[in-house]
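My notes follow the order in which I looked things up.

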Amino acid sequence: NVPKPIMADYENNIGIYEYIHGEHIADVKEEDINEACNFLVKLYELREKKESEKIQRASASCFSIAEITGIIDNRLNKLLGTGEINENYRKLHDYLNLEFLSNYNEILSWSKRRINDYGLNFNSEIENKERTLSPSDFGFHNALRKENGEIVYLDFEFFGWDDPAKMISDFVLHPGMNLKETYKRRFIRNLIDNFKDNKNLENRVKVVYPLVGLVWCLITLNEFLPLDLERRKFSNEAIDEELQIKQLAKSENLLRKIKMEYKYELKDLL
């Protein structure tokens with residue numbers, strides 16, 4: 001269920017893979033969730049292979065809770081450093097300073113209390129045996145359905161080692177998919193049950209989920225970042241101010257969802 005490699009030129013970092021005839025997955029089915037779980041369980045089992053030791057960390061991987069908060073702080077500082085250059089940016093700064101920061105501090109305090117309750121550590125990295133191989137940007141937005149119904153997963157440029165709690169949270173929070181709540185529950189429960197030897201996984205998901213949610217709140221605001229603006233200038237694209245407002249609304253909605261869910265420790269999802 002991945003494209004077969006045809007040829008590799010390691011000197012020039014070029015690879016050729018088979019072409020997949022398929023369609024984008026607009027309608028996710030229950031069996032698709034099961035297949036996605038099976039795929040990740042296979043990767044979890046492959047972590048014990050000798051060859052897996054050569055694989056690097058996944059893009060934006062986090063082996064400690066502190067690393068996740070580091071990503072939040074870094075993204076937040078970049079957005080706050082943009083300056084209030086027009087009305088959209090004034091709205092952005094108001095949202096970050098008045099809503100996001102207060103919720104971030106509240107959720108972070110809650111997370112630290114729960115970490116102590118669960119006997120976890122804020123700064124310590126999880127052990128190698130607790131890590132998994134992760135596609136990183138995993139979901140049906142990076143997959144095609146073949147004519148026979150099989151799903152093929154694509155785009156592994158961010159692949160590598162990661163914390164399974166972060167991988168699980170990323171999947172159910174990804175804005176590129178609009179999954180039913182029942183499907184999210186099935187996905188989380190399936191992986192926790194199948195990663196049987198990862199004893200702290202359920203508690204780590206409870207702590208990691210709201211923090212990863214905050215990361216996605218900020219990723220949604222990439223339209224405001226200078227790098228994106230430079231890309232648009234280079235390609236002679238106009239800044240889409242309407243899109244910025246839409247993304248700001250998405251971030252606000254996700255923040256409200258995270259705030260509602262974390263206090264109940266994901267009871268509806270777990």
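**Cysteines**

I began with C217, which counts as buried at 0% relative accessibility. For these notes, buried is under 20% relative accessible area, exposed is over 50%, and partly exposed lies in between, with a 1.4 Å probe and protein chains only.

Before going on I noted that this is a predicted model, in which local features need pLDDT of at least 70 and side-chain atom pairs count only at pLDDT 80 or more, while totals for chains, interfaces and linings use all residues. Residues are numbered from 1 along each chain as its sequence is written, and side-chain values use heavy atoms, with hydrogens and water left out.

How many disulfides does the count come to? I got 0 disulfides, taking a disulfide as a pair of cysteine sulfur atoms within 2.5 Å. C62 is in no disulfide, and its nearest cysteine sulfur, that of C217, is 16 Å away. C217 is likewise in no disulfide, with the sulfur of C62 as the nearest one at 16 Å. I also looked up the cover of C62, which is buried at a relative accessible area of 1%.

**Confidence**

The protein chain has a mean pLDDT of 91, and 93% of its residues reach 70 or more. That score is the predictor's confidence in each residue, from 0 to 100. Where is confidence lowest in the protein chain? I found it in helix α7 (residues 226-234), at a mean of 65, whereas strand β7 (residues 160-162) is highest at 97. The helices (H or I, at least four residues) and strands (E, at least two) are DSSP runs numbered from the N terminus.

**Nonpolar core**

I then turned to the largest nonpolar core, which has 73 residues. Such a core is a set of buried Ala, Val, Leu, Ile, Met, Phe, Trp, Tyr and Cys residues joined through side-chain atoms within 4.5 Å. F100, F140 and F187 touch the most other members. Elements that each supply at least two residues include α1 (30-46), α3 (87-117), β6 (151-153) and α8 (241-262). Helix α6 gives the most to this core, with 12 residues.

**Nonpolar patch**

On the surface I noted I6, M7, I14 and I16, which form a nonpolar patch with about 420 Å² of accessible area together. Areas come from the Shrake-Rupley method with a 1.4 Å probe, and for residues only the protein chains shown count as cover. Patch residues have over 30% relative accessible area and no salt bridge; like charges are joined within 9 Å, and nonpolar side chains (Val, Leu, Ile, Met, Phe, Trp, Tyr) within 5 Å. Strands β1 (5-9) and β2 (14-17) each supply at least two residues of the patch, and I14 lies in β2.

**Salt bridges**

I counted 20 salt bridges in the structure, each a side-chain nitrogen of Lys or Arg within 4 Å of a carboxyl oxygen of Asp or Glu. D163 and R204 pair at 2.4 Å, N to O. D163 lies in the loop between β7 and α4 and R204 in helix α6, so this pair ties together parts that are 41 residues apart in sequence. D163 is buried at 2% relative accessibility, and R204 is buried at 4%.

Next I checked E48 and R47, whose side chains meet at 3.8 Å, N to O. Here E48 is exposed at 62% relative accessibility, whereas R47 is buried at 11%. I also noted a network of salt bridges that links E181, K184, K257 and E261.

**Distances**

L144 is found in strand β5 (residues 143-145) and is buried at 12% relative accessibility. For E125 and P175, 50 residues apart along the chain, I noted a C-alpha separation of 27 Å.

**Backbone angles**

Last, I looked up positive phi values. N13, not a glycine, has a phi of about 55 degrees; N13 sits in the loop between β1 and β2 and is exposed at 73% relative accessibility. A60 is not a glycine either and has a positive phi of about 60 degrees. I placed A60 in the loop between α1 and α2, partly exposed at 46%.
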